[in-house]
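Welcome, and please take a moment to look over the sequence and the model. The report below walks through it step by step.

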Amino acid sequence: SGLSQEAGSVEQLSLHCAEGSLEWLYPTGALRLRLAPRLPPTSAAVKGRSPLHVTACIKPTGTFRGAQLYLEREGVLELLLPEAPRPRARCFSWLPQEKVALFLQATPHPDISRRIAAFRYELRGDWLARPALPAASLGAEGACRPCNDTEILMAICTSDFVIRGSIRSVSNDAELQESIIGVSATRIHRQKFPLFQAGGRPGRPVGSIRTPLRCGVKPGPGTFLFTGWLHFGEAWLSCAPRYRDFQRIYEGAQRMRQNPCEFPVD
């Protein structure tokens, strides 16, 4: 609570968890949040090397008021969230040797009415070879281009979910700049959280996967292998090859003994 802070003071905090939330009541002065995550295993760890980049995503609550959030990188401030922002995630990456922090600065108000500056955050190492997240700062071209064979093979080993199924529908949210893909699953190979649950045809779990609107996803026939990451409780698409193409890629890597993990192919 800012009620326990002196006006103009800067409180120093460290964020070590891979994900969490912060709630600042009656913002006064500023908070400086050092980003020092204890990173969970990633595709980088599978390859036996350190992450090339660390990625953070910030998502404000719909009632974010009373402060502005800045990214502090090597002593330079960049505005991430103005006061009363839209509840969209902002993501950014940095090299492990770079010094970065979040600077949450209270905005002056003539009254002392109740305001809360609150947001959720995620801190991770490399999201596969390229994150597929709704943030221009992560590279628009990377999030939309098709995965290559190596990325597909790594995706089945390291993703939060691997779902075989078909596209039921595609809807677009212009305000959030997201496309929501409705998926009917024929087989759930892996899901760390219950993203896909019964609700469609008998024996067919259904769920939704998000991708940036700029990628221009269209509904189409056929069976796909959907892979991706959980991002603030929602499934986000990484790689989605047609299943027959995946079979060809996986069986070729198996013959060359280059597949990074075992996967059931039928």
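Over residues 134–141 the pLDDT stays under 50, and the model has 16 contacts for this stretch beyond four places in sequence. Where pLDDT is low, the predicted coordinates should not be read in detail. For the protein chain, the mean pLDDT is 83, and 86% of the residues reach 70 or more. Which elements mark the two ends of the confidence range? In the protein chain, confidence is lowest in helix 1 (residues 43–46), with a mean of 43, and highest in helix 4 (residues 243–255), with 94.

Five strands, in the order 1-3-8-5-6, make up an open sheet with mixed pairing. Strand 1 (10–15) and strand 6 (76–81) are at its edges; each has a single partner strand, so one side of each is left without a neighbour in the sheet. From one strand to the next, the twist averages 25°.

Strand 8 (residues 100–106) is mostly covered, with six of its seven residues buried. Strand 3 (residues 30–35) pairs with strand 8 in the antiparallel sense over five bridges, and here Arg32 stands opposite Phe103 of strand 8. Strand 5 (residues 67–73) also pairs with strand 8, in the antiparallel sense and over seven bridges. In this pairing Leu71 stands opposite Leu102 of strand 8. Strand 5 is joined to strand 6 as well, by five bridges, and the two run antiparallel. The bridge partner of Leu69 in strand 6 is Leu81.

Another open sheet is formed by four strands in the order 2-9-4-7, with antiparallel pairing. Its edge strands are strand 2 (19–25) and strand 7 (90–94), each of which pairs on one side only. The twist here averages 20° from one strand to the next. Strand 4 (residues 54–60) pairs with strand 7 in the antiparallel sense over five bridges, and Cys57 stands opposite Cys91 in strand 7.

| Strand pair | Sense | Bridges |
|---|---|---|
| Strand 3 and strand 8 | antiparallel | five bridges |
| Strand 5 and strand 8 | antiparallel | seven bridges |
| Strand 5 and strand 6 | antiparallel | five bridges |
| Strand 4 and strand 7 | antiparallel | five bridges |

What holds such pairs together? Strands of a sheet pair through backbone hydrogen bonds, either parallel or antiparallel.

Now for the helices. Helix 3 (residues 149–158) is mostly covered, as seven of its 10 residues are buried. These are Glu151, Ile152, Leu153, Met154, Ala155, Ile156 and Thr158. At the start of helix 3, a side-chain oxygen of Asn148 comes to within 3.2 Å of the backbone nitrogen of Thr150.

Helix 4 has 13 residues, and from its first C-alpha to its last it reaches 18 Å, close to the 18 Å expected at 1.5 Å a residue. Its buried residues include Tyr243, Phe246, Gln247 and Ile249, along with Tyr250, Gly252 and Ala253. What do the buried residues of helix 4 pack against? Their partners are helix 3, strand 10 (161–173) and strand 14 (224–231). Just after helix 4, Arg257 takes a positive phi of about 55°.

**Two residues up close**

Asp160 sits in the loop between helix 3 and strand 10. Is Asp160 buried or exposed? Asp160 counts as buried because its relative accessibility is 5%, and buried means under 20%. The side chain of Asp160 reaches the backbone nitrogen of Leu230 at 2.7 Å. Leaving aside neighbours within four places in sequence, Asp160 is in contact with Arg124, Arg190, Gln191, Lys192, Gly228, Trp229 and Leu230.

Ser184 belongs to strand 11 (residues 178–191). With a relative accessibility of 7%, Ser184 counts as buried. Not counting residues up to four places away in sequence, Ser184 touches Arg164, Gly165, Ser166 and Arg168, and also Arg204, Pro205 and Val206.

Key: Residues are numbered from 1 along each chain as its sequence is written. This is a predicted model: local features need pLDDT of at least 70, side-chain atom pairs count only at pLDDT 80 or more; totals for chains, interfaces and linings use all residues. Side-chain values use heavy atoms; hydrogens and water are left out. Buried means under 20% relative accessible area, exposed over 50%, partly exposed in between (1.4 Å probe, protein chains only). Contact means heavy atoms within 4.5 Å. Two strands pair if DSSP finds at least two bridges between them. Axes are lines fitted to C-alpha atoms, for helices over the stretch in contact, and angles run from 0 to 180 degrees between N-to-C directions. pLDDT is the predictor's confidence in each residue, from 0 to 100. A polar contact is a pair of N or O atoms within 3.5 Å; within protein, one must be able to donate a hydrogen and the other to accept it, and residues adjacent in sequence count only if both atoms are side-chain atoms. The expected span of a helix is 1.5 Å times one less than its number of residues.
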